[in-house]
Amino acid sequence: MLRNTVRQAVRSRAIPALPRATGAAPAVRTATAPLHTTARAPAQYKRFGERAAGASSATALSQLASRFGGRGSPNGGGRLGGRAPLLIVVVVGAGGTYYVTHLERVPTTGRLRFIDVSAAQERQMGDDAYKQTLQEYRSRLEPSNSAQTRRVRAVAERLIRTLDGEVTTRGIEWDVHVVNVNEKNAFVLPNGKIFVMSGILGICKDDDGLATVLGHEISHTIARHSAEKASGFKVLMAFALVAELCGLDIGISRAAATLLLSLPNSRKMETEADHMGLELMSKACFDPREAPHLWSRMQASEGGSGRGDVIKGLVSTHPVNSARIKSIEKWLPDALQHRAVAGCPEPSTVSGFRSAISDAGERFMSEPRFAHR
Ligand SMILES: [Zn+2]
């Protein structure tokens with residue numbers, strides 16, 4: 001059924017696509033570094049003259065805090081007003097209850113996290129971002145029947161076929177677009193639309209490498225990472241409110257909350273997508289042992305030695321490739337076990353087959369870009 005859904009989506013005319021790394025794209029990427037394989041944050045629309053939702057919320061919180069004697073108050077001077085302690089108790093109590101009643105587990109990994117964005121809201125965020133993305137990349141979208149698109153789509157469909165029904169019930173209609181742009185990147189929208197930049201295809205090298213990238217992207221959607229991020233933003237705002245009520249400078253408290261909560265969570269999601277993607281590609285009978293090689297090639301293409309990556313990894317939302325490789329190697333025995341349970345042939349048996357696919361892939365890769373235009 002999921003496959004049918006994919007085919008239906010595939011049948012629908014491919015439309016133009018997505019944001020550039022350097023463009024002032026409304027849909028925000030989660031890192032400034034080249035984002036290989038990242039769940040794309042939903043776009044935020046706003047009317048002309050309308051303030052961003054975050055800014056409005058911040059202002060409202062600031063005003064609220066000011067009323068109760070926070071530092072932001074002209075009269076507060078950093079002292080708590082008489083009613084502030086009671087308000088803090090109410091906010092923390094109500095917020096804590098709300099938080100606990102909106103905890104849910106990530107499929108596969110079982111990680112507990114806070115989510116208060118419904119599946120329908122998440123799909124809508126994805127649909128909005130999809131329109132913008134297609135519009136942005138409209139002139140560089142690979143045709144849906146091109147060799148490259150068909151190859152990427154074939155690998156994606158093979159991965160999606162292994163998903164269980166839980167994702168289907170969320171009404172996700174998967175689709176894949178290849179964008180002719182020399183970026184080593186791929187991302188997925190919350191509605192299951194995957195965009196692969198053609199610059200990453202050479203790094204992928206073969207279908208196992210491609211399955212590593214696509215498995216990661218599909219896993220972001222299965223795990224509802226976009227909804228989790230949107231929900232996490234609310235938590236940050238709640239922390240900012242309490243900090244403001246306590247007289248802390250709201251700017252500083254927000255920055256601290258971002259560092260303490262947002263970045264580690266984002267990196268956790270990336271690592272989780274790596275882990276889930278590895279399991280997914282294994283169940284689909286790809287060779288998970290190729291995943292570390294993909295990230296090695298990515299690292300080499302970026303000229304990274306792996307040493308200077310440490311600092312980058314601390315401040316980035318993305319795990320550095322060397323850390324990624326170590327984690328994946330640790331998960332490999334389990335991944336191979338999943339592969340065996342799925343009844344896949346031994347990877348060594350498949351290697352000849354994979355070479356054949358790879359050869360075909362090389363031919364596809366060697367086709368002149370934009371040849372169809
Ligand atoms: Zn990612």
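Biologist: Which residues of α13 are buried?

Modeller: In this predicted model, the buried residues of α13 are Asn321, Arg324, Ile325, Ile328, Ala335 and Arg339.

Biologist: What makes a residue such as Ile328 count as buried?

Modeller: A residue is called buried if 20 or more other C-beta atoms lie within 10 Å of its own. Ile328 is listed as buried, so it meets that cut-off. Across the protein chain, buried residues make up 38% of the 373 residues.

Biologist: How do you know what span is expected of α13?

Modeller: The expected span is 1.5 Å times one less than the number of residues. Helix α13, residues 321-341, has 21 residues, and therefore 30 Å is expected. From first C-alpha to last, α13 reaches 29 Å, which is close to that value.

Biologist: Where does α13 bend, and by how much?

Modeller: The bend is about 45° and lies at leucine 332. A proline, proline 333, follows within four residues. After the helix comes glycine 343, with a positive phi near 80°.

Biologist: Why is α11 called roughly antiparallel to α13?

Modeller: The axes of α11 (residues 290-301) and α13 cross at roughly 170° and come within 9 Å. Angles over 145 degrees count as roughly antiparallel, so α11 is roughly antiparallel to α13.

Biologist: Which residues make this contact?

Modeller: Among them are Trp295 and Met298 of α11, and Ile325 and Ile328 of α13. By class, the contact has six nonpolar, four polar and two charged residues.

How values were computed. Residues are numbered from 1 along each chain as its sequence is written. This is a predicted model: local features need pLDDT of at least 70, side-chain atom pairs count only at pLDDT 80 or more; totals for chains, interfaces and linings use all residues. Helices (H or I, at least four residues) and strands (E, at least two) are DSSP runs, numbered from the N terminus. The bend at a residue is the angle between axes fitted to the seven residues ending there and the seven starting there. A residue is buried if 20 or more other C-beta atoms lie within 10 Å of its own, exposed if 12 or fewer, and partly exposed in between; C-beta atoms are placed from the backbone. Axes are lines fitted to C-alpha atoms, for helices over the stretch in contact, and angles run from 0 to 180 degrees between N-to-C directions. Angles under 35 degrees count as roughly parallel, over 145 as roughly antiparallel, 65 to 115 as roughly perpendicular and the rest as oblique. Two residues are in contact if their C-beta atoms, placed from the backbone, lie within 7 Å. Ala, Val, Leu, Ile, Met, Phe, Trp, Tyr, Cys and Pro count as nonpolar, Asp, Glu, Lys and Arg as charged, and the others, Gly among them, as polar.
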